[in-house]
Amino acid sequence: MRSVEEQQALITAAAVSPEPVRVAISEALDLMCAEEVEATVALPGFPQSAIDGYAVRAVDMTPRPTGDDADAPADDSVAEVSLPVVGDVSAGSKHPLRLQPRQAVRVETGAPLPTLADAVLPLSWSDRGQKRVSPRRKVKTGDFVRRVGDDIQPGDVAVSSGSIIGPAQVGLLAAVGRSKVLVHPRPRVSIVTFGAELVDIDREPTLGQVYDVNSYALAAAAREAGAEVHRVGVVSGEPRKIREIIESQLLRSEVLVISGAVGGAAADRFREVLAELGELDVSRVAMHPGSVQGFGTLGDDKIPTFLLPSNPVSALVVFEVMVRPLIRISLGKRNPRRRTIAARVISPVDSVWGRRGYIRGQLMRDRDTGEYLVQPLGAATGAPSHLLAGLAEANCLVVIPDDITDIRPGDVVEVLFLSQRS
């Protein structure tokens, strides 16, 4: 029996990253940048006001304390200042003004600073005069001014190759005038299900048939992991037809996920078809649920291919532990695995000796102590472990070491976060 770490190492070694593509910056969120984006101009490109107020020369300013401004510096020895307001500059103005000594110009946030102005007197630091303005606090050279290149200088790297593009990076790309950027795209994942008992949800199942759950659930899981997903649905028929379908998906995918092809005589015949396209290994992995699973590479491009159990809970757990990290690696994520924390169990958990348990649970936090608590779902003795409704209620997986079979209330366990849905 292969350990979880051995199986994960085998999978990681087969990771395939798509070739970089150029996309609009509006489509680049959460993707890894594949180029060094250098600024060709300074940002800001001109001196501008950082606040609504008055553009002034700092040398013309002296404090004028008032009774209603406790923060104003007290200096009764200086003469009172009152400057004529000789203009008004709004943001986006294309008509530069020249400031003369002992004058002020009303400016908006982002407005170009008049020539010779070296500071901005905020409205709240003045008497808000329209024709003349008197300061209530002193400003120094550079106060409330955005200088040329304060943010980025020409030649500076705005977004580095290998960085994940978030909202701030999208903003920087726009600020330096880039409408497109080279990125490592989302890996294309195809989802296939196999089983004579399966029908799509647009058909009414007859006796012995069930709805195809896995293709929808696994497609959603792959999409949540960051992949571009193609849900093929149920594949059946003659071997030649099956081979044609699988070959077509290998041409369009970086990852192929097939559920329902690891147990039974029909699954054996299905795998015989897959064996003609490459190497697949079906073995037991020391975990539960989902111990029996398969992995290999198919096609000329050696596409990583997963064989998952038919049970939806097992399939989703195997996807979480084995498939999702591969997708995250292909996206360039530095930490491809979910965050884990320690939590205290509030009810018993049973596990299987010799296999690492991944038990669904509800994670919460004690309001008084801040301690994490976890309520296992369906993990008590005799409780069914295959029910999908229990997984739908879960927001975490409780990870039980392979040498422990009983977890008692109050024990501390490792908990693996799932996606938050609130």
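Is Phe144 buried, partly exposed or exposed? Phe144 is partly exposed, at 29% relative accessible area; buried means under 20%, exposed over 50%, and partly exposed in between, with a 1.4 Å probe and protein chains only.

A word on the ground rules: this is a predicted model, where local features need pLDDT of at least 70, side-chain atom pairs count only at pLDDT 80 or more, and totals for chains, interfaces and linings use all residues. Residues are numbered from 1 along each chain as its sequence is written, and side-chain values use heavy atoms, leaving out hydrogens and water.

The structure holds three aromatic pairs (rings of Phe, Tyr and Trp, the last by its six-membered ring, with centres within 6.5 Å; planes under 30 degrees apart are stacked, over 60 edge-to-face, the rest tilted). One of them joins Trp125 and Phe144 edge-to-face, 5.3 Å centre to centre with 85 degrees between the planes. Trp125 counts as buried, at 18% relative accessibility.

Another pair, Phe194 with Phe270, is tilted, at 4.4 Å and 40 degrees. It links distant parts of the chain, 76 residues apart: Phe194 is in the loop between strand 13 (188-193) and strand 14 (198-199), and Phe270 is in helix 5 (residues 265-275). Both Phe194 and Phe270 are buried.

Stepping back, the protein chain has seven helices and 28 strands (DSSP runs numbered from the N terminus: H or I of at least four residues, E of at least two). Of its 422 residues, 46% are buried.
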